[in-house]
Amino acid sequence: MTALEVRNLHKRYGQHVAVDDVSFTVDEGEIFGIIGPNGAGKTTTVESIAGLRRPDSGSISVLGLDPVKDRAEVRERLGVQLQESSFPDAIKVAEALELYSSFYRDPADWRELMELLDLTQKRSTQYKALSGGQKQRLSIALALVGNPRIAILDELTTGLDPQARRDTWSLIERIRDRGVTILLVTHFMDEAERLSDRIAVIDGGRVAAVDTPAGLIARSSALQQVRFRVRQPLDESVLTDLPDVTGVEIRDGRWLVTGTGELLSSVAGALARAEVVAEDLRVDQRNLDDAFMTFTGRAPQAPASFQREVG
Amino acid sequence: MRALPKLVAVETKLFLRDSATVAFGVLFPSGLLLGLGAIPTLREASPENGGLRSIDIWAPTALVFGMVMIAVQHVPSVIATYRERGILRRLSTTPVPPRSVLLAQMIVAFASVVVSAALTIVIAWAVLDIAPPERPLEFLVAFVVGYAALLGIGLVAAAVVRTSSAANQTGTLLFVALMFLGGAFLPRVVMPDVLREVGEFVPPGLQALTAAWSVEAGEITATAGGQPFWLQIAIMAALAVITSAVAAKVYRWE
């Protein structure tokens, strides 16, 4: 079942085209990642889905509803964690959760959410006194307090330290296990790769590719490299004849095989057929960074500097 | 609509945690009145004041401090902060429209001004023996309409400033200007006629408040060319409508 469908979305601000032509669909229960360089149109796309911007053309369907026409209904079913939004300094954690739960027809149990997000200890702490990770968790809790079918999480681990990021990731997986469809906007490739079932790469206001993380990586043009040593003599042609192999080099007794596709299994199969045992076998894995390079022609943004989490 | 009572409850708590605003907006007017009331010469009946004490004539001015403080300093600063920090933006992704939080904010601010005024009137009566407003209905109308005009000015400020620090600066300037022109810094009796006449058009309308509190004090502070009470009220009401319309027109949510 389709949770979210964006078709030919186009949005410009004056002369500047923010989103040129973006289409994708998200299935129910999926974690769908959106990655792309700064200014690619990620945020405008997400804001249009949330009904904060009115598209110039194209259509958006959130559980069959239009975010502009069916504004109220969409807001009941869509939880949003926005980049650059915040809460009053002096509001306490429990107050914010109770207040936001009163906004919805059929809210989640906010006390249970507070427990799930590990905020119960901080229930009487004012927003301004929370650490970065705690603020982020509160923001996620508030995005979920309306019992949404879909949650949009925009740059959710920016500014968190590595431990807090990993904690947040496992939290997102638990939320998905509760049946919430998640749209995840991120510029962290490891985050997108780890969490997403499928990923859309957006570049220059257009969708450059949509695939599973593994699919995107496999389509990346970056070369893989397999390195190993052998004791028995080995004829180079055993490897150079393989269709996936583009180069073979022997350096200090160590073989370096470069190529594309399923390089490792091709090489392993060829070595087995030649009855040669490979030792010290290493594979240089391609990752989502390589895929990002392939589809956008740019390296992913360096991660924003980590803030140390206090308290 | 369950959200509005909750919003009012939460905004009330936030207001009470803002100790500077509580101190200056709610408690300061009573304190100031008590402080001035402690000066013996201000408590002496003087023939040139028609037998009234200076403190009798000055008492309504204490109210104006709280009203101006809340309407042009506190409210714009909160609204600008809510906008600047994306609090309104975050609300607009929920089923509750962000204007609800602004409405809740207005309700709390008005309640705080009422508490401030009630406190001042009770303390004036109990401690300084200043009788409560002689014409309660007129006083209530002058108070509500005068506050509405002040709030309108505050809302225009909130609508045009970009940042919370700009809101604070604008609020302070407005505070000083309104207090001076409204005749609240200097006793109205010692101000030049021109300023006293202007003061009848400056929110919250100190002359109307004074006249409704005490007819005798009103006669002393009135100018020769002064406007009748209800015309002053009408001017304040018109100012309230115009400023609110301007604020609504130019307001930016983001």
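The model scores ipTM 0.86 and pTM 0.82. Chain B has an average pLDDT of 87, and 96% of its residues score at least 70. Within chain B, confidence is highest in α1(B), at a mean of 94. Confidence in chain B is lowest in helix α8 (residues 193–199), where the mean is 74. Where pLDDT is low, predicted coordinates should not be read in detail.

Contact between the chains involves 19 residues of chain B and 21 residues of chain A. On the chain B side, α1 (3–17) and α4 (87–91) each supply at least two residues. The most come from α1(B), which gives 7 residues. By class, this side of chain B comprises 8 charged, 7 nonpolar and 4 polar residues.

Within chain B, helix α3 (residues 54–84) packs against helix α5 (residues 99–128). Their axes lie 10 Å apart, at an angle of about 160°. Angles over 145 degrees count as roughly antiparallel, and α3(B) and α5(B) are therefore roughly antiparallel to each other. The crossing of α3(B) and α5(B) is right-handed. Residues of α3(B) in the contact include I55(B), A59(B), L63(B), G66(B), I70(B), V78(B) and Y82(B). From α5(B), the contributors include V101(B), L102(B), Q105(B), A109(B), S112(B), T120(B) and L128(B). The contact of α3(B) with α5(B) has 17 nonpolar and 6 polar residues, and no charged ones.

Note on methods: Residues are numbered from 1 along each chain as its sequence is written. Chains are lettered from A and ligands numbered from 1 in the order in which they are written. This is a predicted model: local features need pLDDT of at least 70, side-chain atom pairs count only at pLDDT 80 or more; totals for chains, interfaces and linings use all residues. Two residues are in contact if their C-beta atoms, placed from the backbone, lie within 7 Å. Helices (H or I, at least four residues) and strands (E, at least two) are DSSP runs, numbered from the N terminus. Ala, Val, Leu, Ile, Met, Phe, Trp, Tyr, Cys and Pro count as nonpolar, Asp, Glu, Lys and Arg as charged, and the others, Gly among them, as polar. Axes are lines fitted to C-alpha atoms, for helices over the stretch in contact, and angles run from 0 to 180 degrees between N-to-C directions. Angles under 35 degrees count as roughly parallel, over 145 as roughly antiparallel, 65 to 115 as roughly perpendicular and the rest as oblique. A crossing is left-handed if the near helix is turned anticlockwise from the far one by less than a right angle, and right-handed if clockwise. pLDDT is the predictor's confidence in each residue, from 0 to 100.
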